[in-house]
Amino acid sequence: MLPIDLSAYNSDLKIKKEQGKRWIFDPIRKKYLVLSPEEFVRQLLLQYLIQEMQYSPNRISIEKKLVVNGRERRFDLLIYDEAVRPFLLIECKAPEVKISQAVFEQIARYNMALRVPYLMVSNGLHNYCCQIDYERQSFDFLDALPVIS
């Protein structure tokens, strides 16, 4: 498990109440979105990736379509490296959703279309990242997120 405390970024989030709903500002898409538990985790994680990891906001895609086994899906976050190649695929879950084998299988299916070197899953409380070795058809869990060089 990665030693990340996403709660440290709570004060960096822009949240408002309007029309009886709570909204959260997404700095990548530059708009307010309905505040769901999963969106809250995604926005906390975005703050961490940009502030702590120094990932460029210009190289982050959010909720884009991809086709997996002939079906349209949407990934949560995709980070691109300096050469603008897919680098890190991230699946966000609500805090009450347990990070299980099914979550890893979901992100692995999405990765069939992308073939990124790193995968991450997070529910805001538990964060895991692994490096994929395509030649050996294996993966290794990491103690830290990869640095983009």
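The chat below goes through a predicted model of one protein.

Biologist: What is the protein built from, in helices and strands?
Modeller: This is a predicted model, and the protein in it has 2 helices and 11 strands.

Biologist: In what pattern do they come along the sequence?
Modeller: The pattern reads β-β-β-α-β-β-β-β-β-α-β-β-β.

Biologist: What about the radius of gyration?
Modeller: The protein has 15 Å, and a compact globule with 149 residues would be near 15 Å, so the two agree. Along the principal axes, the C-alpha atoms fill a box of roughly 50 × 35 × 30 Å.

Biologist: How much of the chain counts as buried?
Modeller: Of the 149 residues, 42% count as buried. The protein exposes about 8600 Å², and carbon and sulfur atoms supply 48% of that area.

Biologist: What share of the contacts links residues 24 or more positions apart?
Modeller: They account for 47% of the contacts with a separation of 6 or more.

Biologist: Switching to Cys 129. Buried or exposed?
Modeller: Cys 129 counts as buried, because its relative accessibility is 1% and the cut-off for buried is under 20%. Cys 129 lies in strand S10, residues 127-133.

Biologist: Which residues does Cys 129 touch?
Modeller: Leaving out residues up to four places away in sequence, Cys 129 touches Leu 2, Leu 88, Tyr 118, Leu 119, Met 120, Asp 140, Phe 141, Leu 142, Leu 145 and Pro 146. Leu 88 is 41 residues from Cys 129 in sequence, with 9.1 Å between their C-alpha atoms.

Biologist: And Leu 66, where does that lie?
Modeller: Leu 66 lies in strand S5, residues 65-68. Leu 66 also counts as buried, at 7% relative accessibility.

Biologist: What does Leu 66 touch?
Modeller: Not counting residues up to four places away in sequence, Leu 66 touches Arg 71, Glu 72, Arg 73, Phe 75, Tyr 110 and Ala 113. Asn 127 is 61 residues from Leu 66 in sequence, and their C-alpha atoms are 23 Å apart.

Biologist: Aromatics next. How many pairs are there?
Modeller: The count comes to 7 aromatic pairs. One of them is Tyr 128 with Phe 141, with ring centres 6.3 Å apart and planes at 75°, so this pair is edge-to-face.

Biologist: Which strands does that pair tie together?
Modeller: Tyr 128 lies in S10 and Phe 141 in S11, residues 138-141, so the pair ties together parts that are 13 residues apart in sequence.

Biologist: How exposed are Tyr 128 and Phe 141?
Modeller: Tyr 128 is partly exposed, with a relative accessible area of 24%. Phe 141 is partly exposed too, at 46%.

Biologist: Which residues form the aromatic cluster?
Modeller: Phe 104, Tyr 128, Phe 139 and Phe 141 form one cluster.

Biologist: Which charged side chains lie over rings?
Modeller: Lys 16 has its charged end over the ring of Tyr 32, 4.1 Å from the ring centre. Arg 115 lies over the face of Tyr 134, at 4.0 Å from the ring centre.

Biologist: Last topic, S1 and S2. Parallel or antiparallel?
Modeller: Strand S1, residues 15-18, and strand S2, residues 21-26, run antiparallel and are joined by 4 bridges. Ile 15 stands opposite Ile 24 in S2.

Biologist: What lies between the two strands?
Modeller: S1 and S2 form a hairpin with 2 residues between them. Gln 19, in the turn, has a positive phi of about 55°.

Terms used:
Residues numbered from 1 in each chain as written. Predicted model: local features only at pLDDT ≥ 70, side-chain atom pairs only at ≥ 80, totals over all residues. Heavy atoms only, no water. Buried < 20%, exposed > 50% of the residue type's maximum accessible area, 1.4 Å probe, protein only. Contact = heavy atoms within 4.5 Å. Pairing = 2+ DSSP bridges. Phe/Tyr/Trp six-rings, centres within 6.5 Å; stacked < 30°, edge-to-face > 60°. Lys NZ or Arg CZ within 6 Å of the ring centre and 35° of its normal. Rg over C-alpha atoms; globule rule 2.2 N^0.38 Å. Areas by Shrake-Rupley, 256 points an atom, 1.4 Å probe, with all protein chains shown as cover.
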